[in-house]
Amino acid sequence: MSALESLADAYPDLVFEHVLDPPQSVAHVPADAYLDFVANARAAGFDVFVDLCGVDYLRRDPRFEVVVNLLSYDPPARLRIRVGVAADDPVLPTLTETFPGANFYEREAFDLFGIVFAGHPDLTRIVLPDDWEGHPLRKDYSVGSVPVRFKESPKAQ
Amino acid sequence: MSDTPNVVTGDFEAPTTEPPSQPETADSAAAEARREIHDMWVAGTEEPAWMRSYTNEGAQEMLEAESDPALEIHRGTTVTDDFIVEEPADDDELQILNMGPQHPSTHGVLRLHLELDGETIRRVKPIIGYLHTGMEKTAETLTYMQGSTNVTRMDYLSPFHMELAFSLAVESLLGAEIPERGQAIRVLLTELNRVSSHLVWAATQGTDLGAVSMMIYGFRDREYILQFFEKVTGLRMNHNFIRPGGVAADLPDGWEEDVDEIIEKVSRGVSEYEELFNGNPIFRDRTIGVGVITPEECKALGVSGPIARASGIKWDLRKAFPYSGIDKYEFEVPTGKHGDVWDRYLVRIEEVKQSLGIVRQVLETMPAGDYRTLDRKVTPPPRKRIDESMEALIHHFKLFTSGFKVPAGETYQAVESPRGELGMYIVSDGRERPWRMHARTPSFNHVQALPTMMTDSLVADIVATIASCDPVLGDVDR
Amino acid sequence: MAHRSGPSGFLLTTYESAINWTRTRSMWAATFGLACCAIEMMATGAAHNDLARFGMEVFRASPRQADLMVVAGRVSQKMAPVLRQVYDQMSEPKWVISMGACASSGGMFNNYALVQGVDEVVPVDVYVPGCPPGPQSLLHGILTLQDKVMSGEITR
Amino acid sequence: MSGWELFFEAGIKAVAVFALVLVTVIVLVWFERKIVADMQNRLGPMRAGPYGVLQTVADGVKLLVKEPVVPRKVEYGLYMVAPIAALVPAILIFMVIPIGQPFFIGDREINLAGTDLNIGLLYILAMSSIAVYAVVLAGWSSGSKYPLLGSVRASAQMISYEAAMGLALVPVVMFTGTTSLTAIVDAQAGDFLGFLGIWNIILIPSFVIFFISGVAETNRAPFDLVEAENEIVGGYHTEYSGFRFALFFLAEYANIFNISAITVTLFLGGWHGPDFGAPQWIAWALPIFWFMLKSFALVFLFVWIRASLPRMRYDQLMSFGWKRLIPISLLWIVLSTVAIAVRRLGLPWT
């Protein structure tokens with residue numbers, strides 16, 4: 001029985017999507033079962049931490065989503081876990097106990113989306129300066145482009 | 001920046017949520033004391049006060065010294081070993097040293113916060129973000145057509161792999177089929193790019209260990225490949241050549257001879273490196289047993305590519321999830337045993353040879369045909385048609401100004417970049433621009449794994465370990 | 001010659017041009033690589049293009065001994081203070097080459113994260129265009145800077 | 001011989017040695033950069049003068065007119081003294097090296113060395129140790145962390161290699177029976193089979209150990225830990241700029257030449273070499289030519305090593321010094337003693 005099948009048996013209520021090209025499975029997990037599910041996935045064979053990122057769906061409820069990618073080396077299989085995070089209380093438990101590799105990714109998601117990972121050992125800004133305001137990858141944050149100015153042009157004076 | 005005229009990638013109707021309050025930082029007095037010690041660059045003698053208050057750099061402190069499970073994992077001390085006795089080090093004996101962001105061997109702007117006991121590293125904290133370019137945000141403002149321009153600048157040593165990952169992700173949403181010749185060109189370019197990237201690694205690995213000539217040799221051989229790239233794509237780096245739907249142009253006439261020459265010259269160069277390093281006792285002493293990472297740590301930290309292979313994980317995305325028809329070519333996946341710098345050296349050198357082998361096979365079996373998909377939705381009409389037909393001209397114009405629509409959905413597509421698993425996660429809302437593009441970049445994990453590899457080693461080993469991880473800071477910070 | 005503002009006596013100008021000659025022939029660069037352009041800067045130092053011809057292969061790791069800062073790559077908001085500090089640590093006379101589109105103007109990344117042009121942080125003497133500029137472009141930039149130093153256009 | 005004459009002669013020699021050191025360094029730096037460039041398939045300096053021969057002059061003058069920054073945290077006195085303390089021993093060492101055959105002006109013998117000390121070898125060892133103090137002081141007084149690491153490394157390195165260097169010289173002294181450099185060179189006069197000089201090169205282990213320790217003593221690759229650019233930025237001279245840095249630079253290259261010259265003097269027959277029956281006016285200059293040729297051959301070796309070997313690590317350097325070089329030197333001293341005894345007294349059973 002493959003890792004995925006055993007996992008699907010353990011969680012009969014969950015929605016699994018299977019995408020064939022590229023071969024990967026997607027699991028929509030509620031926030032309260034998140035930590036548990038990841039731990040079980042690791043036990044079932046998805047023991048390689050690949051990726052964690054946030055997505056801001058803006059008008060959807062829940063607004064944010066945290067996407068975790070896991071990998072199983074043998075047999076080769078991918079599992080993508082999508083967890084919704086509410087906009088008014090964007091808190092998820094941290095994965096660092098299960099996968100220490102989630103550390104930087106969670107800090108990045110916190111930095112760019114403002115999703116708080118409760119229990120994270122060092123949840124500070126990672127790519128932006130510490131005094132930065134706002135979370136730039138949120139959809140309501142401006143790209144921050146400045147109009148191109150030519151220094152010698154009379155208008156710029 | 002938020003008061004400037006802006007382009008918002010989302011819709012305006014949505015309610016703005018207040019950013020959540022940041023978690024309480026550590027005791028502010030202690031942080032202040034640390035900040036006094038902290039110095040940003042080498043000297044620490046000229047840091048004006050305004051600068052400190054401007055960046056608040058000191059807030060990125062080392063973690064508190066209490067034993068914390070994550071911290072233990074960080075420090076690599078979770079391994080219970082009867083022989084290791086924790087030496088209690090007095091606080092006075094430890095000094096904090098900032099390595100970077102401007103330091104000759106941090107490969108750009110990586111900053112390491114080191115706690116030194118003499119010359120021995122007790123704790124390491126990598127601090128990144130000095131090259132944060134906001135590419136994921138920029139990607140949301142660019143059409144899929146323009147997207148590869150953006151991503152190619154992430155990992156500037158392997159631009160073709162970035163473009164390939166992006167294109168594959170877009171194509172998997174589009175369901176586009178790429179003709180065989182286009183796929184073969186992609187394989188040719190990415191494998192040559194792997195070689196050129198590894199040559200830069202060889203150059204920096206050598207020079208960071210103090211072998212100054214290696215720097216020149218690596219770049220000398222890389223130059224041959226870059227000249228070929230320039231001939232094919234028009235640019236030496238950041239090509240924007242592999243695009244959704246195929247590649248931008250066909251290979252130029254006489255490319256066979258060029259590739260043949262590259263294979264010959266680079267093979268000669270590689271055997272020169274082996275001559276320089278393989279039997280060199282100093283090089284062996286400097287690398288064997290240095291910067292060790294175990295397979296379990298690799299898995300938990302998401303370390304991939306040559307580093308994972310050097311620690312014994314036989315895993316290559318080209319074998320496991322073949323893309324772009326790479327499964328048609330024969331190659332071996334080299335692995336190491338010990339996961340140290342020496343094994344990474346061997347693995348990378350072998351990878352160069354294997355890649356050259358693939359290039360040779362592509363050279364011999366290059367199929368004829370189209371180099372891009374004939375789907376009119378994503379492919380502009382041929383140049384000749386534009387002169388003849390108004391419709392073609394309009395089609396061309398529309399395609400390049402407003403781009404093409406991609407069906408709604410989300411996908412994750414990964415390729416084996418020279419550094420490891422390079423993934424592209426794209427969420428499409430059915431329009432011309434990606435709703436969200438996230439790049440899973442291998443160097444990010446490798447930088448994260450640096451403390452595990454480095455703890456309790458010497459300053460000189462830090463340099464060797466960083467070089468062997470071959471991080472590209474553009475790849476880390478994006 | 002109209003723009004020359006230095007001393008005008010024959011001896012002094014000779015002295016001045018002799019000093020300028022040494023400065024142009026021995027312009028040591030600080031190792032300050034940021035992004036893609038840094039790779040091209042290294043390639044410029046390598047065998048095919050050989051910066052050593054101009055006496056410039058001496059990349060100084062310590063900015064105190066460097067004369068020239070080649071800002072090679074995009075400068076983020078987080079890096080800008082560091083860049084300024086490195087510039088301040090360099091001893092006079094010092095020059096800055098802004099290499100590449102990102103360093104000169106922010107390039108294609110007109111967004112929240114980047115400083116739109118390094119001249120907002122440090123004074124720039126020569127801008128080298130390109131994304132990234134090839135080694136020949138950088139060499140051209142360096143030669144331009146040398147000409148400017150030699151002609152007394154930049155007096156420090 | 002009046003006191004004035006002595007004073008005059010000493011003065012001329014001192015100036016000449018100083019000038020010689022400067023000229024040698026100028027040539028040496030250019031030589032090194034050209035050789036390294038050639039080994040790396042490059043051209044090397046080309047713009048400053050024909051083939052870049054004036055490169056070092058340009059570097060030197062530029063550094064001379066560059067602003068010397070004094071950081072705020074330095075220990076001012078020591079910070080200022082350190083570069084001078086680096087350069088002075090380098091020149092002083094050169095004072096005792098005989099660079100050519102003594103010649104006569106009238107009936108006065110002029111020795112082509114700054115001075116002929118009868119304890120020349122001990123003097124050299126003492127002076128080279130002082131040079132390390134300069135490095136240690138420079139690093140410590142800079143009040144910054146990377147230089148401090150550099151100076152700690154320098155002191156460790158000195159302790160390990162000074163000992164090996166001294167021990168390597170013992171067999172030479174035993175064979176020649178003197179510590180005066182002039183006398184050691186004289187002891188290597190004459191030839192063997194008509195064309196091989198009877199040089200001290202037969203003491204190969206001593207030669208090798210001395211040269212290795214010499215490389216370590218001058219902080220050159222692969223022992224350049226003190227200023228390892230990739231690890232500790234610039235090491236002890238990180239905080240130095242302008243002319244004070246130039247002094248360190250000068251001292252480093254002067255020391256390279258010194259070590260080469262001492263090695264030539266001790267092991268390679270000094271200025272001895274064939275004269276090919278040349279006329280008097282050429283024969284006078286030939287010894288200097290041979291001396292310079294041999295010295296630059298060793299300098300080439302320095303450069304070659306630098307261009308090809310990676311840097312050693314701190315602990316490996318120490319263990320190489322203590323566990324390899326010093327035991328081998330000791331063993332070699334014992335063997336030499338036995339050999340000398342046999343040569344003098346004959347085999348015990350005969």
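1. Among the contacts in chain C between residues at least 6 apart in sequence, 75% join residues at least 24 apart. The model under discussion is a predicted one. Chain C contains five helices and four strands, and from the N terminus on these elements follow the order α-β-α-β-α-β-α-β-α.

2. Burial and surface in chain C may be taken together. Of the 156 residues in this chain, 69% are buried. The accessible surface of chain C comes to about 4600 Å², and carbon and sulfur atoms account for 59% of that surface.

3. In chain B, attention is drawn to helix α18, which spans residues 459-469. This helix is mostly covered, with eleven of its eleven residues buried. The buried residues include the hydrophobic B:V459, B:I462, B:V463 and B:I466, and B:D461, B:T465 and B:S468 are likewise buried. B:A460, B:A464, B:A467 and B:C469 complete the list. Just after α18(B), the residue B:D470 takes a positive phi of about 50 degrees.

4. The cysteines deserve a separate remark. How many disulfides does a search of the whole structure find? The search, over all chains, finds zero. For B:C298, the closest cysteine sulfur is that of B:C469, at 9.5 Å. A disulfide requires two cysteine sulfur atoms within 2.5 Å, so the sulfur of B:C298 is too far from that of B:C469 for a bond. B:C469 itself belongs to the buried residues of α18(B).

5. Is B:C298 buried or exposed? B:C298 is buried, because its relative accessible area is 0%, and the cut-off for burial is under 20%. In chain A, A:C53 has a relative accessibility of 2% and therefore also counts as buried.

6. Chain D carries a nonpolar patch on its surface, formed by D:V23, D:I26, D:V27, D:V53, D:L54 and D:V57. Together these residues have about 400 Å² of accessible area.

7. The relative accessible area of D:I26 is 32%. This residue is therefore partly exposed, a class that lies between the limits of under 20% for buried and over 50% for exposed. The value is also over the 30% required of residues in a patch.

Note on methods
Residues numbered from 1 in each chain as written. Chains lettered and ligands numbered in written order. Predicted model: local features only at pLDDT ≥ 70, side-chain atom pairs only at ≥ 80, totals over all residues. Heavy atoms only, no water. Buried < 20%, exposed > 50% of the residue type's maximum accessible area, 1.4 Å probe, protein only. Helix = DSSP H or I, 4+ residues; strand = E, 2+ residues; numbered from the N terminus. Patch = residues over 30% accessible without salt bridge, like charges linked within 9 Å, V, L, I, M, F, W, Y side chains within 5 Å. Areas by Shrake-Rupley, 256 points an atom, 1.4 Å probe, with all protein chains shown as cover. Salt bridge = Lys/Arg side-chain N within 4 Å of Asp/Glu carboxyl O. Contact = heavy atoms within 4.5 Å.
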